[in-house]
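Open the model in a viewer and keep the selection panel at hand. The stops below go from the whole chain to single side chains.

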Amino acid sequence: QVPLVESGGGLVQAGGSLRLSCAASGRTFSTYAMGWFRQAPGKEREFVAAISWSGGSTYYEDSVKGRFTISRDNAKNTVYLQINSLKPEDTAVYYCAAGRVVRGKYDYWGQGTQVTVSS
């Protein structure tokens with residue numbers, strides 16, 4: 001088990017920035033790839049970004065490239081998602097997840113944090 005807790009969401013105006021955090025419990029965090037996903041109202045959950053266990057490889061969904069940055073601090077058991085130039089279409093619940101393979105199946109999920117972008 002890898003308990004995950006997201007934080008940092010909120011209401012922000014278009015063009016603003018947020019940094020989401022996802023804190024993990026336990027001693028195995030550094031062995032997991034981590035991902036961020038989001039689910040907008042009425043839509044399916046979609047991949048946003050992922051990072052390898054070492055932080056050496058990152059992946060992004062095309063629509064967020066250049067605006068979102070995923071990073072991790074294994075000493076703090078935390079993964080981050082820096083979101084810049086927010087758009088109303090970024091409004092969603094953002095989830096972090098842990099998996100053994102960076103572009104594979106994710107086994108553990110947090111409860112999500114709401115991001116709302118006003119125009």
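Buried here means a relative accessible area under 20%, with a 1.4 Å probe and protein chains only as cover. By that cut-off, 45% of the 119 residues in the chain of this predicted model are buried.

**Whole chain**

Select the chain and colour by secondary structure. There are 11 strands and zero helices, so the order of elements from the N terminus is β-β-β-β-β-β-β-β-β-β-β. The radius of gyration is 13 Å, close to the 14 Å from the globule rule for 119 residues, so the chain is as compact as a globular protein of that length. With the C-alpha trace shown, the extents along the principal axes are about 40 × 25 × 25 Å.

Then switch to the surface: the accessible area is about 6100 Å², and carbon and sulfur atoms contribute 47% of it.

**Charges**

Select the charged side chains. Five salt bridges turn up in a search of the whole structure.

**R38 and D90**

Select R38 and D90. Their closest N and O atoms are 2.9 Å apart, in a salt bridge. R38 belongs to strand β4 (residues 33-39), while D90 sits in the loop between β8 (78-83) and β9 (92-99), so the bridge ties together parts 52 residues apart in sequence. Are the two residues buried or exposed? Both R38 and D90 are buried.

**R67, the other partner of D90**

R67 is in the loop between β6 (58-60) and β7 (68-73), and the pair links distant parts of the chain, 23 residues apart. D90 has a relative accessibility of 1%, so it counts as buried. R67, at 10%, also counts as buried.

Which residues does the network of salt bridges link? Its members are R38, E46, R67 and D90.

**D62 and K65**

Finish at D62 and K65. Their side chains meet in a salt bridge with an N to O distance of 3.1 Å. Exposed means over 50% relative accessible area, and D62, at 58%, is therefore exposed.

Definitions and conventions
Residues are numbered from 1 along each chain as its sequence is written. This is a predicted model: local features need pLDDT of at least 70, side-chain atom pairs count only at pLDDT 80 or more; totals for chains, interfaces and linings use all residues. Side-chain values use heavy atoms; hydrogens and water are left out. A salt bridge is a side-chain nitrogen of Lys or Arg within 4 Å of a carboxyl oxygen of Asp or Glu. Helices (H or I, at least four residues) and strands (E, at least two) are DSSP runs, numbered from the N terminus. The radius of gyration is taken over C-alpha atoms; the globule rule is 2.2 Å times the number of residues to the power 0.38. Accessible areas come from the Shrake-Rupley method with a 1.4 Å probe; for residues, only the protein chains shown count as cover.
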